[in-house]
Amino acid sequence: MYDIFEFLEKSKTAYHAVENLTLTLKEYGFAELKENEKWSVKKGGKYFVTRNRSSLIAFTVGEKRSFNIVASHADSPCFKIKASPSMTVENMVKLNVERYGGGLNYTFLDRPVTIAGRVVLTDGKTYESKTFTSAKTFVIPSVAIHFNRAANDGIKLNPQTDMSPLVSALGEKGLEKELNDFAGDKKIIDGDLFVVSAEKPFTAGYNDELICSPRIDNLTSAFCSVKGLLSAGPKAINVCYAADNEEVGSQTRQGAGSDFLLSVTKRIAESLGFDYAAALADSIAVSFDNAHAVHPNHPEFSDPTNRVKLGEGIVIKHHANQNYTTDAFSSSIIKRIFDEADVPHQDFYTRSDMPCGGTLGAISSAQVSIKSVDVGIPQLAMHSAVETMAVKDYETAKRGLIAFYNAKISSDGDDKTTIDF
């Protein structure tokens, strides 16, 4: 199985992440299900299903007829390549791109980027989606300080004119050739290709206590979720959901706003022959997306009494207006589980005078309505081309999810919940 560094480096898009997680699940004996086929789910079984090959649900079947769900996402902010992308300026070739998600644009300048995603191949009759990663590295060059003397006072980058990657200084339209070579004797009809950070993950700090890498948000959560699923002995039906398109609102066929989780959990209930509505009332979900740590240069951006720190444990996220799904009941349940496993945890609140970001928990809860809590790994520089987290928090998160998947959680209506370990 991949370690976290290898997974972060190889999973350049959601298509790659799902492909890599799929290979791991198969290695551990999970059977693949297809949405267009009849399912025969058995107690003690291990299964997975994908949608669009960019969203994944894996599950293991325990004795208890309820669901312990962990939901994360596999996409990250980057730049999507448009059709007919090559543009020549003074014999230099750049690509026409548009923003995908809300990334920190300036962090992508002057660092290695590459092209990755999926293409659709055909032999004239059958159409097949395949992941693609360019063998080459490119750059999005910034404008020299000599041409923009006010740059250090703050710059505004135009995604149409400032964020185009330079792919050739020799007038060569190499992407078209590389894609044709990749297709071989087939033809590429179209693709979902992105310009992504090609920086390799590295450690930082005097004790190598930090991980710096592209796509920490939210591949670390997706990877932790699968690791937890593989390590736990299920008492209930343990579900790991890695959704696509969270960074652009989740309202897609493969996003958390779709019926994917609803459809899969319903089909599990139908195959095993239990009451679906009753099972949902006895179930709980963990929305697992990364959280903001106190920034060393700007501690004033954090809440004055709830200070999330790197290396001090998994974060439980709260918001009065329900950008996060956590309430007192779900928070109490997850804290009890973490405490039993000696997993440190901390609470996050946004400053009351700042807007709060959302995640997939509230969106997926609209489809599968169950008790839910939002948690995450603390990090710095969220949505940067290179983000930062603590090694210790990654290890803590793994233990926390294993503990959650190992727990037997039973509800007596809305008033009482018991937890067995």
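**View A. Helices α2 and α4 come within 11 Å of each other, axis to axis, and cross at roughly 15°.** Welcome to this predicted model! Start with helix α2, which covers residues 14-27. With angles under 35 degrees counting as roughly parallel, α2 and α4 are therefore roughly parallel to each other. Their crossing is right-handed. On the α2 side, the contact is made by Ala17, Leu21, Thr24 and Leu25. Helix α4 meets them with Leu219, Ala222, Phe223, Val226 and Leu230.

**View B. Helix α4 also packs with helix α9, at an angle of about 45°.** Here α4 spans residues 216-231 and α9 spans residues 391-406, and their axes are 8 Å apart. This angle makes α4 oblique to α9. The crossing of these two helices is right-handed. From α4, the contact is made by Phe223, Cys224, Ser225, Lys227, Gly228, Leu229 and Ser231. From α9 come Tyr394, Ala397, Lys398, Leu401, Ile402 and Tyr405. Look out for Phe223, which is listed in the contact with α9 and also in the contact with α2.

**View C. Tyr100 and Phe194 form an edge-to-face aromatic pair.** How many aromatic pairs does the model hold? The count comes to 10. In the pair formed by Tyr100 and Phe194, the ring centres are 5.6 Å apart, with 80° between the planes. Planes over 60 degrees apart count as edge-to-face, so this pair takes that name.

**View D. Lys80 lies over the face of Phe194.** We stay with Phe194, the partner of Tyr100 in the edge-to-face pair. Lys80 is placed at 5.8 Å from the centre of the Phe194 ring.

**View E. Arg267 sits over the ring of Trp39.**

**View F. Phe67, Phe274 and Tyr276 come together as one aromatic cluster.**

Technical notes: Residues are numbered from 1 along each chain as its sequence is written. This is a predicted model: local features need pLDDT of at least 70, side-chain atom pairs count only at pLDDT 80 or more; totals for chains, interfaces and linings use all residues. Side-chain values use heavy atoms; hydrogens and water are left out. Rings of Phe, Tyr and Trp (its six-membered ring) pair if their centres lie within 6.5 Å; planes under 30 degrees apart count as stacked, over 60 as edge-to-face and the rest as tilted. A charge sits over a ring if NZ of Lys or CZ of Arg is within 6 Å of the ring centre and within 35 degrees of the ring normal. Axes are lines fitted to C-alpha atoms, for helices over the stretch in contact, and angles run from 0 to 180 degrees between N-to-C directions. Helices (H or I, at least four residues) and strands (E, at least two) are DSSP runs, numbered from the N terminus. Angles under 35 degrees count as roughly parallel, over 145 as roughly antiparallel, 65 to 115 as roughly perpendicular and the rest as oblique. A crossing is left-handed if the near helix is turned anticlockwise from the far one by less than a right angle, and right-handed if clockwise. Contact means heavy atoms within 4.5 Å.
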